[in-house]
Structures are given as structure tokens and as C-alpha cells.
Amino acid sequence: MPIRITTPNASRSFKTHVEKESEQLAKIVCANVLSYVGLEGVTEARDHGSYTDQTGNLRSSIREVVTVGGKVVSECEEKQYKEGAEGLRKGKELIDKFSKKREGDIALHIVAGMDYADYVERIHHKNVLSSARVLMDA
């Protein structure tokens, strides 16, 4: 014999409570999965970039952040390579810009903050973020 709630108001508030908690749990699980995937992607990009890293700026600019409702819930650790302080700053600026754009969603953003990152990938055919993307598509 199943248990039934016989009070009409209690059943509505219980159902609403369960629905809200389920949505919140789903967001937490999704954010945790995205955080793991993002950290793996950043590690892949930083460790396997096929370009010659002369200053350390490009590798230092690779960042990741997970946002829920426009609020940052996780982000990777900053890591400076060589004299790449400018890369750290540019990566932080770009990740901040992207993370504010998705207010209502759960989102993962991975960036290479130096303005020449796309040039290195597309023109020189070097791996900056490509291997991270392939890893996440798998």
C-alpha cells in the first residue's frame, strides 16, 4: 500500500519542494561534470600545446571557468609559465568577459587569452586549444 499525502496544500508544497531540490541537484551535478571536463581540457591544452612557447604568455593565458546563472562556481588554478604574467592577466580578462555573458545557463568556458592564439592555431596549424576540444568531444 503506497503512502499518500491527503492534505492538498501539503502535497503541492511537497511537490514544489522536491522539484526545486531536484533542479538544484541537477545543476550541481552538471557543474561538477563540467568542472572536471574543463580541468582536463586545460591540462591537455597546457601540457600538449605544439607551439614554441617563447615568453610563456600563450600557455599562461589558458583558463577555464564554470558558471551557473552567471556566477562562477569553479575555475582552474592560474599557472604562469616562464615570464607569462601578461598571459595570466589577459586570460583572466577574457574568462571574466565570457563568464558574465551567460546569466541563466550552466556554462563551461575555456579560453586562450592572448590575441594571437587563433593565429597560431589556424595559420601555423599548431595546437593551442584543439586537443582540449578533441578531448571533450570524445
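**Entry 1: burial and basis.** I began with burial, and I found that 33% of the 138 residues in the protein are buried, where buried stands for under 20% relative accessible area, exposed for over 50%, and partly exposed for what lies in between (1.4 Å probe, protein chains only). I note that this is a predicted model, in which local features need pLDDT of at least 70 and side-chain atom pairs count only at pLDDT 80 or more, while totals for chains, interfaces and linings use all residues. Residues are numbered from 1 along each chain as its sequence is written, and side-chain values use heavy atoms, with hydrogens and water left out.

**Entry 2: elements.** I looked up the helices and strands, which are DSSP runs numbered from the N terminus (H or I, at least four residues, for helices; E, at least two, for strands). The protein has five helices and three strands, and from the N terminus on I read their order as α-α-β-β-α-β-α-α.

**Entry 3: contacts and surface.** Taking a contact as heavy atoms within 4.5 Å, I looked at those between residues at least 6 apart in sequence, and 67% of them join residues at least 24 apart. The protein exposes about 9,200 Å², of which carbon and sulfur atoms supply 53%, the areas coming from the Shrake-Rupley method with a 1.4 Å probe.

**Entry 4: the largest pocket.** A pocket here is an open set of points on a 1 Å grid over the protein atoms alone, where a 1.4 Å probe fits, with protein on both sides within 12 Å along at least five of seven lines, and its lining residues have an atom within 4 Å of a point. The largest pocket has a volume of about 170 Å³, a volume being the space filled by probe spheres set on the points. Its lining includes Ala112, Met114, Asp118, Arg122, Leu129 and Arg133. The elements that give two or more residues to this lining are α4 (117-122) and α5 (130-137), and α4 supplies the largest share, four residues. By class I noted five nonpolar, one polar and five charged residues, with Asp, Glu, Lys and Arg counted as charged, Ala, Val, Leu, Ile, Met, Phe, Trp, Tyr, Cys and Pro as nonpolar, and the others, Gly among them, as polar.

**Entry 5: positive phi.** Lys82, a residue other than glycine, has a positive phi near 50°; I found Lys82 in the loop between β2 (71-75) and α3 (85-99), exposed with a relative accessible area of 54%. His125, also not a glycine, has a positive phi near 55°; His125 lies in the loop between α4 and α5 and counts as exposed at 66% relative accessibility.
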